[in-house]
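Here's a quick tour for anyone opening this one for the first time. Have a look at the sequence and the model, then read on.

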Amino acid sequence: MNGDTTKKSTPYTVPIGPVHPALKEPVMFNFLMEGEVVKSVDFAPGNVHRGIEWMGMRRNPVQIVHLTDRICGICGIVHSLSFARAVEQIAEIEVPPRADYIRTILHELERMQSHLLWAGVAAHELGFDSLLFLTWRVREQSMDLIENLTGNRVNYGIVQIGGVRRDISNDQILLIEQGLAYYRGLLDQMKTVFLDDSTIRMRCRGHGLLSYRDAQLLCAIGPTARASGLAMDVRHDYPYCAYGDLDVQPVLPPQEFGGPQGDVYDRIIVRLLEIAQSIDIIQQCLDSMPAGEVLWEKKLPKLLSILKKAHGEAIGRVEAPRGECMHYVRMDGNDAPATWKVKASTYSNLMSWIPMLKGEQLADVPIIVASIDPCMSCTDRVTIIRNGSADDLTKEDLTQLSREKTRRFSRC
Amino acid sequence: MKLTKSFNRSLWVFHLNTGSCNGCEIEIVATITPHYDPERFGIKLVGSPKHADVLLVTGPVTKMMAPKVRRVYEQVPDPKLVMCIGSCGQSGGVFYDSYNLDGPIDQVIPVDVYVPGCPPRPEAIIYGVVKAWEKLERLEAAQ
C-alpha cells in the first residue's frame with residue numbers, strides 16, 4: 001500500500017516532440033510531471049538548423065536578401081528588412097522616403113496576417129476549430145492584399161537593398177483602403193469572439209503566468225513582454241522606416257481587462273489590439289505617402305559594386321510580430337559579408353516558457369507553448385556539437401558564452 | 001495489396017516538417033481552411049501518421065530530422081503516398097549548399113508527387129493531392 005503511494009507521487013517524464021500535432025515545427029520538450037502538474041520542463045530546439053548564416057557568408061547582399069526571406073515564412077519582410085537596414089547603414093545608403101512608407105505598409109500588413117494566423121492557431125490549441133477556420137478565412141483577405149502588392153503570398157521578395165522592388169499604384173491604394181475597411185468592421189466581432197467567450201477566459205486567464213520581473217530578467221520581447229506590462233516596442237523606442245513620422249505607442253493590456261497580468265489571456269488581448277494598431281498605422285501611411293523613387297539605385301551591378309567597397313559593421317533592428325528581430329552584419333570589402341548574425345524574436349522569448357509552464361497542467365501546455373508565438377525556423381541558428389554529440393548547455397554556460405560574445409563584439 | 005473502398009472517397013493527410021521555413025506550413029494550413037475547403041472531398045489533416053494515407057513532407061531535411069522522417073514514414077500504414085511540398089524538399093532550393101542537410105527528401109524516403117514552388121500556392125497543393133489520387137487509382141486498377 002505504502003509502496004503504491006510512493007509510486008504515484010514519483011515524478012515521471014513525458015517527452016513531447018519533435019514530431020507532434022500540437023507543435024507546428026519540430027522541437028523537443030521533456031516534462032517532469034507529478035500527476036497532471038508540470039514540475040519542471042526542458043526543451044531542445046535545433047531540428048530546423050539549416051546553416052543560413054554560413055550560406056550567407058558565401059553570397060552577396062542582394063542574393064542574401066532572398067535568403068533572409070526564407071529564414072521564416074511568416075516573418076518574410078521582417079528578416080529581409082532588418083538585414084537590408086544593416087547593410088544600408090554600412091554602405092551609407094539613403095532609402096527614398098516613398099520606399100520607407102511602402103516598407104512600413106507591408107510590415108504592418110504582415111503583422112496583421114501574422115497575428116490573425118496566431119489567433120487561429122491559439123483557437124486550435126484551445127480546441128475551437130471553428131474559430132481557427134473563422135480567423136484563417138478572414139486572414140485570406142490580407143494574404144490577397146499582400147499578393148497584390150508584392151506578387152507573392154509568402155516570402156514576398158519585395159525588399160531590396162536601398163528600397164523596395166515594386167511601387168504601389170493608386171489603384172492598389174484603393175485596394176488597401178478597402179481591405180482596411182473590411183478589417184475595421186471585423187475587429188469588434190473578433191474581440192467579442194475571443195474576449196467575451198467564458199471558455200476562452202477560463203482556459204487562458206491566470207494560466208502561463210510571466211511576471212513583470214521574470215519578463216525583465218529573461219529579456220522577453222514583443223507581445224510576450226508587453227502582456228507582462230513591459231512598455232517596449234522598437235517602432236516606438238528606436239523608430240525606423242516611416243515610424244518616426246507616425247504615432248506609434250506600445251500596446252499594453254488595457255485597464256478595462258484588469259491591466260497587465262502576464263497570462264495567456266493578456267497575450268491574446270495585446271495581439272488583437274495590435275491588429276487595430278496596424279490598421280491605424282497603414283491608414284496614417286496612406287494619408288501622408290510621399291511621391292518619388294522607390295529605389296536608391298536601380299542598376300544591380302552598380303549597387304553590387306558599391307556594396308563590395310563597403311567597410312564597417314551595423315545592426316538592423318526591426319519590431320517583428322513576435323518581438324524585436326536583429327541582424328548584425330560586418331562587411332570588409334568583399335562580395336560576401338564577413339559576419340552575419342541573426343537574432344530572431346523567438347530566441348529571446350524561449351526562456352519564458354520555463355516559468356510559464358511550471359505548475360501548469362499537461363492539458364494547458366499546447367496553448368502556453370503557442371502563447372509566445374514560437375518560431376523555430378527563425379531561432380535555430382547554432383547547434384553546438386562537441387565530440388560528435390550535441391551538447392546540452394546549462395544556463396551558466398550560456399551566460400558565460402553570452403558574455404564572451406559581447407566582449408568579442410565590442411572588440412571588433 | 002487491395003485498396004479499401006473508403007480510400008477512394010477520402011484522403012487523410014499527415015503533415016511533417018523536416019526543417020522548413022514555415023512558408024509551406026502556413027500554406028498547407030491555409031489550404032485546409034474554408035477559403036479553399038478541401039474537406040468537402042474528405043481531405044483532412046490528422047494528428048498521427050498511423051491514421052494517415054498521405055504524408056505531406058516539407059523542408060530540406062536537416063541532419064537531425066532525417067532519422068525521424070524515416071520513422072514517421074514507417075508508421076504510415078500501407079498503401080501510402082508521399083507528397084513533397086515546396087522547392088527545398090525537391091532540390092534544396094535556396095539552401096542547396098548547406099552543410100546540415102541530408103535531403104532532398106527523395107534521398108531519405110521515396111516520394112510520389114512533387115509540388116514545386118517556394119512556397120506553392122494552396123491551389124497547387126490541392127492539384128498535387130488530385131495527382132496523388134490519380135496515382136492511387138492507377139495503382140488500384142493495376143491490381
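This is a predicted model: local features need pLDDT of at least 70, side-chain atom pairs count only at pLDDT 80 or more; totals for chains, interfaces and linings use all residues.

Residues are numbered from 1 along each chain as its sequence is written, chains are lettered from A and ligands numbered from 1 in the order in which they are written, and side-chain values use heavy atoms, with hydrogens and water left out.

- Start with helix H3 of chain B, residues 66-75, where Ala66(B), Val69(B), Val72(B) and Tyr73(B) are buried (under 20% relative accessible area, with exposed being over 50% and partly exposed in between, using a 1.4 Å probe and protein chains only).
- Look down the axis of H3(B) and its buried residues fall within an arc of 120°, so they line one face of the helix; the arc is that of the directions from the helix axis to the C-beta atoms.
- Arg71(B) and Glu74(B) are exposed, on the face of H3(B) turned away from the buried side.
- Strands S1 (12-17), S3 (54-58) and S4 (81-85) of chain B are among what covers the buried residues of H3(B).
- Helices (H or I, at least four residues) and strands (E, at least two) are DSSP runs, numbered from the N terminus.

**Rings and charges**

- Over all chains there are eight aromatic pairs, meaning rings of Phe, Tyr and Trp (its six-membered ring) with centres within 6.5 Å; planes under 30 degrees apart count as stacked, over 60 as edge-to-face and the rest as tilted.
- Take Trp54(A) and Tyr99(B): their ring centres are 5.1 Å apart and their planes at 85°, so the pair is edge-to-face.
- Trp54(A) sits in helix H2 (residues 52-56) of chain A and Tyr99(B) in the loop between helix H4 (87-91) and strand S5 (113-115) of chain B, so this pair joins two chains.
- Trp54(A) is partly exposed at 34% relative accessible area, and Tyr99(B) is partly exposed at 40%.
- Phe29(A), Phe31(A), Phe43(A) and Trp353(A) make up one aromatic cluster.
- Arg139(A) has its charged end over the ring of Trp136(A), 4.5 Å from the centre (CZ of Arg or NZ of Lys within 6 Å of the ring centre and within 35 degrees of the ring normal).

- Asp364(A) is in the loop between helix H15 (353-357) and helix H16 (365-371) of chain A, and counts as buried at 8% relative accessibility.
- Leaving aside neighbours within four places in sequence, Asp364(A) is in contact with Arg203(A) and His207(A), contact being heavy atoms within 4.5 Å.
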